[in-house]
Amino acid sequence: MHISYKPLWHTLVERNMRKEDLRIAAGLTTNMIANMGKGKNISMETLVRICEALNCGILDVIELEKDDNN
């Protein structure tokens, strides 16, 4: 299984926010945003900062997806 940030991208669209708006609101670096765009893991501390900035729950930011087993 791996972490997907699809819920975060949907939340941003629903709130008419850009990734740059999130970066500023949550105090993130451009590298953190880039890593999330690539599906890489980020720290729990960063996830909490995103949730606080968006006033949302963790399920509005991440979800678990099963890996493809080909």
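**Close-up views of a predicted model**

UniProt places the feature "domain: HTH cro/C1-type" at residues 25-62, in an unreviewed entry; such annotations may be inferred rather than shown by experiment. The structure is a predicted model, in which local features need pLDDT of at least 70 and side-chain atom pairs count only at pLDDT 80 or more, while totals for chains, interfaces and linings use all residues. Residues are numbered from 1 along each chain as its sequence is written, and side-chain values use heavy atoms, without hydrogens and water.

View 1. Residues 25-62 are 55% helix and 0% strand, helices being DSSP runs of H or I with at least four residues and strands runs of E with at least two. The end C-alpha atoms of this span lie 18 Å apart.

**View 2. The packing of helices H2 and H4.** Helix H2 (residues 19-26) packs against helix H4 (residues 44-54) at an angle of about 100°, and their axes are 9 Å apart. H2 and H4 are therefore roughly perpendicular (65 to 115 degrees). Leu22, Ala25 and Ala26 of H2 meet Arg49, Ile50, Ala53 and Leu54 of H4, where contact means heavy atoms within 4.5 Å.

View 3. Thr11 belongs to helix H1 (residues 6-14). Thr11 counts as buried because its relative accessibility is 6% (buried: under 20% relative accessible area, 1.4 Å probe, protein chains only). The side chain of Thr11 reaches the backbone oxygen of Asp60 at 2.8 Å. Apart from neighbours within four places in sequence, Thr11 is in contact with Leu54 and Asp60.

Technical notes. Axes are lines fitted to C-alpha atoms, for helices over the stretch in contact, and angles run from 0 to 180 degrees between N-to-C directions. Angles under 35 degrees count as roughly parallel, over 145 as roughly antiparallel, 65 to 115 as roughly perpendicular and the rest as oblique. Buried means under 20% relative accessible area, exposed over 50%, partly exposed in between (1.4 Å probe, protein chains only). A polar contact is a pair of N or O atoms within 3.5 Å; within protein, one must be able to donate a hydrogen and the other to accept it, and residues adjacent in sequence count only if both atoms are side-chain atoms.
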